[in-house]
Amino acid sequence: MMSFVPLLLVGILFPAIPAKQFTKCELSQELKALDGYRGISLPEVICTMFHTSGYDTQAIAENKGSTEYGLFQISNKHWCKSNQIPQSRNICDISCDKFLDDDITDDIMCAKKILDIKGIDYWLAHKALCTDKLEQWLCEKL
C-alpha cells in the first residue's frame with residue numbers, strides 16, 4: 001500500500017498530457033492549411049515532420065543547450081517560453097509545454113511564424129531529406 005501512495009501523488013501532481021502519435025494521412029488532414037504556404041507543398045511538410053518528430057506530439061529533443069518541443073520540434077531558445085531558458089525571445093508568445101498536447105492548432109500558428117521568419121529550412125531535415133521524391137509523402141485519402 002505504501003508504494004501505491006507515491007504513485008497516486010505523482011498521478012495527481014503531474015496529470016498525463018494528452019498526446020497524439022499521428023499517421024501520415026491524419027497529419028495530412030491536420031496540416032492542409034500549410035499546403036502552399038510560403039510556396040511549400042504539403043508532402044514537403046509531411047516529410048519534414050516525419051524526420052523531425054516522427055509525427056509525435058510529445059517528442060522532445062535536447063539541442064546544444066536548448067530543448068525542442070512537439071510535432072514541429074520548436075525550440076525554447078527563440079520561439080517559446082520555458083524555465084530552462086527564461087530569456088527566450090518567445091516569438092510565438094506561448095509556453096513550450098503547449099506543443100506537447102494533442103491540439104496542434106497553436107503548433108501550426110507558431111510553425112507559420114517560423115516559416116515567415118526562417119523558412120522551411122529552419123527544419124534541417126527538409127533540405128537533406130525532403131526536397132525530391134515527395135510522392136511517397138502523399139496521402140491517397142485526401
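User: In this predicted model, in which strand is the place of S66?
Analyst: The model is a predicted one. The residue belongs to a strand that covers residues 66-69. The place of S66 is therefore in strand β2.

User: Is S66 buried or exposed?
Analyst: Buried residues are those under 20% relative accessible area. S66 has a relative accessible area of 5%. Because that value falls under the cut-off, S66 is buried.

User: Which residues does S66 touch, not counting residues up to four places away in sequence?
Analyst: A contact requires heavy atoms within 4.5 Å. With residues up to four places away in sequence not counted, S66 touches A61, S75, N76, K77, Q84 and I85.

User: What is the order of the strands in the open sheet, and which strands stand at its edges?
Analyst: The open sheet has three strands with antiparallel pairing, in the order β1-β2-β3. Two of these strands have a single partner strand each, so one side of each is left without a neighbour in the sheet. The strands at the edges are β1 and β3.

User: Over how many bridges do β1 and β2 pair, and which residue in β2 is the bridge partner of E62?
Analyst: The pairing of β1 and β2 is in the antiparallel sense and runs over four bridges. For E62, the bridge partner in β2 is T67.

User: How many aromatic pairs are found in the whole structure, and what is the geometry of the pair of W79 and Y122?
Analyst: The search of the whole structure finds five aromatic pairs. In one of them, W79 and Y122 are 5.9 Å apart, centre to centre, with 85 degrees between the planes. Planes over 60 degrees apart count as edge-to-face. The pair of W79 and Y122 is therefore edge-to-face.

User: Which parts does the pair of W79 and Y122 tie together, and how many residues apart are they in sequence?
Analyst: W79 lies in the loop between β3 (74-75) and α4 (105-117). Y122 lies in the loop between α4 and α5 (124-129). The pair therefore ties together parts whose separation in sequence is 43 residues.

User: What is the accessibility of W79, and what is that of Y122?
Analyst: W79 counts as buried, at 2% relative accessibility. Y122, in contrast, is partly exposed, with a relative accessible area of 21%.

User: What kind of aromatic pair do Y122 and W123 form?
Analyst: The centres of the rings of Y122 and W123 are 5.0 Å apart, and there are 90 degrees between the planes. W123 counts as buried, at 4% relative accessibility. The pair of Y122 and W123 is edge-to-face.

User: What is the volume of the largest cavity, and which residues line it?
Analyst: The count comes to one cavity of 30 Å³ or more, and the largest cavity has a volume of about 30 Å³. At least two residues of its lining come from each of α3 and α4. The lining residues are V45, M49, F72, A111, L115, I120 and W123.

User: What is the volume of the largest pocket, and which residues lie nearest its centre?
Analyst: The largest pocket has a volume of about 390 Å³ and is lined by 16 residues. The elements that give two or more residues to this lining are α3, β2 and α5. Nearest the centre of the pocket lie N63, E68, S75, Y122 and L124.

User: Where is G54, and with which residues is it in contact, leaving aside its neighbours within four places in sequence?
Analyst: G54 is in the loop between α3 (42-53) and β1 (60-63), and it is partly exposed, with a relative accessible area of 25%. G54 and K24 are 30 residues apart in sequence and 9.7 Å apart in space, C-alpha to C-alpha. Its neighbours within four places in sequence left aside, G54 is in contact with Q21 and M49.

User: What is the phi of K64, and is K64 buried or exposed?
Analyst: Most residues other than glycine have a negative phi. K64, in the loop between β1 and β2, is not a glycine, yet its phi is positive, about 50 degrees. At 81% relative accessibility, K64 counts as exposed.

Terms used
Residues numbered from 1 in each chain as written. Predicted model: local features only at pLDDT ≥ 70, side-chain atom pairs only at ≥ 80, totals over all residues. Heavy atoms only, no water. Buried < 20%, exposed > 50% of the residue type's maximum accessible area, 1.4 Å probe, protein only. Phe/Tyr/Trp six-rings, centres within 6.5 Å; stacked < 30°, edge-to-face > 60°. Pairing = 2+ DSSP bridges. 1 Å grid on protein atoms, 1.4 Å probe; cavity = no way out; pocket = protein on both sides within 12 Å on 5 of 7 lines; lining within 4 Å. Points joined across faces, edges and corners; volume = space filled by probe spheres on them.
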